[in-house]
Amino acid sequence: MNPKLPYVLLVGAAVIIFILSCMLLSRGRRSPSCESQPRNTEKTGSRSQSLVFADLTPEELAQVVRYLQGSLGVPLVDASRAKPSDNCIASVDVQVPAKAEVLWFLDGGGARPAREALAVLYFGNQANPNVTEYVVGPLPMPTYHRDITVQKYGRKVPYHRRPMLGSEYEQVGAFLEMVAFAAAPSFLQEVFDYDGTNVAFQTTAPHGFHSGDRKSWFIVFQNVSGFFLHPVGLEVLVDHSSLDIAQWAVSRVFYNGQYYRDMAQLESAYVQGRISVEKVRKAPRDGDFSSMRPRAPSAATFPLQYEPQGPRYGIRNNHVVFQAWSFAFGMSVKTGMRLFDIRYKGERVVYEMSIQEAMSVYGSNCPGGMSTRYMDGSFGIGRYTSPLVRGVDCPYSATYVDTYGLYESLSPSKRKAALCIFEQNLGSPLRRHYSNLQSLYYGGLVNSALVVRSIATLGNHDYVWDFIFYQNGAIEAKVQATGYTSSSFLHGDGLRYGNRVWEHTLGTIRTHSVNYKVDLDVGGVKNSLVAHDMAFEMARAPWNPEQQIERPRLTKKVLDTEDQAAFRLQSKIPRYIYFAANSKNKWGHQRGYRIQIVSFPGDHVPEASSMERAISWARYKLAVTRRKEEEPTSTSIYNQNDPWTPTVAFADFINNETITNEDLVAWITAGFLHIPHSEDVPNTVTVGNSVGFLLRPYNYYDLDPSIYSHDGVFFTSEQDFTACEVNPIACLPKTASCLPNFPPFTYDGFQNI
């Protein structure tokens, strides 16, 4: 062997090690941890002014409770333990001041409006039980309360209209298990292998057919993961209208297509062999087919979004700033996420944008399914906002915001990660053009938008609520539906009401309707509603009069009254409809913001229905009315349990008043039909189940305001488009080659349930 060979090999190895070390060190230098830049700074005034809309703090909520306990002269029981015959606090929320007071404070230099709370109390322990609403103030140290119930609704609120408390659900559940089921031991044990723990109940609403009714169908399911897909064929109608729980009774029983007077009659028919039994295979605790446990192992990590230089938006208290946008946010216990004082380039375009209601109407050949018309505001869209999971519900690096509320308790509760806020690169250009005619150039703008999101889980359904802010001055409101499909036990002619999705499971047909309130202030408080559209006209070709041309022309109409501005679901609506300001842009056009609805609704319920007036907001895809303090919401939490005599009927808002040059509100309804199918098992996906609307500038600016975005890209064939100073995208290998600082994963969603 050549004696020099070992030395050659050693030298070669050293060279290789040196090269590899250089490569690793070089890579390390190119991929440091991302450095956060200072966030957008705001003027202190804008931050403090936004607090006029802020949710109540835990301290304020506690002070309201203490005040009510000491000032009403009646005992108040903790609602979580209350019986129907008790007095209790159902909820406390912020009472947003009147708009005129707020604008005088924000724009006119006036005094800050008094900070007040709205408390909803159930008075069951008195001669005339009722629901009363009090305004309590001033906060943080209240000294007064005002009963505003009659002022707000024109009458006292009867006690039977109260939304059910969690304690009442528990009491009905105990009644079913300890009283009703005790009358049918053989049937329950032999058909369902009932042991007191292996069934779950889902209630329906409204509770009956007439004002004053409080009779609820309770559908029985196997108590497993995803129980909504495991009906067993048994449903029980409970009359819980009495304030004395001992007087509650079973009014009717349904099993496998047959009705019985009560559980005792069902038991008798079973023992005598006069009943058709359909035994359901016992599901494992994880639900088997209904389990959301992944059926495949983890593999390569999915794409992630990160911010190389930190967030480009700023949040302080309830105030958000993003590029030219600013707004205040809040979370209503009943209606969920809402925004106030939305401004673009410092100019207010929306005073309030809020969810009003989410409704679903079901069909089935089982009594529980066929009688269900859920009005989710009654249960609490904000109350049932679920903690967001980092990296799935929102991008991992989003900002997660905790909120506080008080409902069915004497103590405030914290909703962890109830909101998320993030900037999202939507992966497509907001605008672009590639020119290969005359001159050669490319111009474009990344479509990066700010998203504010919450997700409410109401029973089986999950609603993903988004407000999205684009760089061209447009705002989008969007809701995506997911969660479990509700189901009935498949029997008889069930396939007239949905699709079979498992052995005994009928995915029941339902409609979804969502209502929003949008108080636009376009170029000021006073606006008019204008419709633009297109019609064809026949014209002779000026250069060839023998020939005709069908040419589109612009049609224009000012909608003068509320009746003209109320567009029913099946009616034709102008394709361009906008709030017009009293000012004009550079080109002589009225400045405006256009409403563009994305929706696939059908009829909500027939208008002849005895309960239709309670949901009459759903008659209209769009209705524009004069803004009134006495018409703050399109519905009421009390409509769910007495839709036959609605506390608020939106149809009464529309009374042909003039809407020219007035403070106007748009009430927008979006919806879709859901016919569950096998791909809804185990869960309904958000794809294709998304509706909403956009607010888009229409001649509001002199040109597209996004041209002033710092994210724009432009280069010509004569430029060095690889140079950073010409094309910022070319710099990404340097400016964005960093490792994101992802915080550790945490989740508090299973605490304090």
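I began with residues 305-707 of this predicted model. I read off 2% helix and 54% strand over that stretch. Its end C-alpha atoms lie 25 Å apart. I then checked the UniProt record for the range. An unreviewed entry there lists residues 305-707 as "domain: Copper amine oxidase catalytic".

Next I looked up the domain assignment. It gives domain 1 as 49-159 and domain 2 as 166-289. Domain 3 is assigned in pieces: 329-356, 379-428, 450-484 and 504-697.

I turned to the pair formed by domain 1 and domain 2. How far apart are the centres of domain 1 and domain 2? I found 38 Å, taken over C-alpha atoms. I noted 10 residues from domain 1 and 5 residues from domain 2 in the contact.

Then I took the buried area. Between domain 1 and domain 2 it comes to about 520 Å². Carbon and sulfur atoms give 59% of that area. Which residues of domain 1 lose the most area to domain 2? I wrote down Ala82, Pro84 and Tyr159. Together these three supply 59% of what the domain 1 side buries.

I sorted the domain 1 side of this contact by class. Touching domain 2 are 5 nonpolar, 3 polar and 2 charged residues.

Last, I looked for specific pairings. How many salt bridges cross the interface of domain 1 and domain 2? I recorded 0 by the rule. For polar contacts between domain 1 and domain 2, I counted 3 residue pairs, with both residues at pLDDT 80 or more.

Terms used
Residues numbered from 1 in each chain as written. Predicted model: local features only at pLDDT ≥ 70, side-chain atom pairs only at ≥ 80, totals over all residues. Heavy atoms only, no water. UniProt positions renumbered as here; feature names shortened; annotations may be inferred. Helix = DSSP H or I, 4+ residues; strand = E, 2+ residues; numbered from the N terminus. Domains from an automatic or database assignment. Contact = heavy atoms within 4.5 Å. Buried area = accessible area lost by both parts, 1.4 Å probe. Salt bridge = Lys/Arg side-chain N within 4 Å of Asp/Glu carboxyl O. Polar contact = N/O pair within 3.5 Å; in protein donor to acceptor, adjacent residues only side chain to side chain. Nonpolar A, V, L, I, M, F, W, Y, C, P; charged D, E, K, R; others polar.
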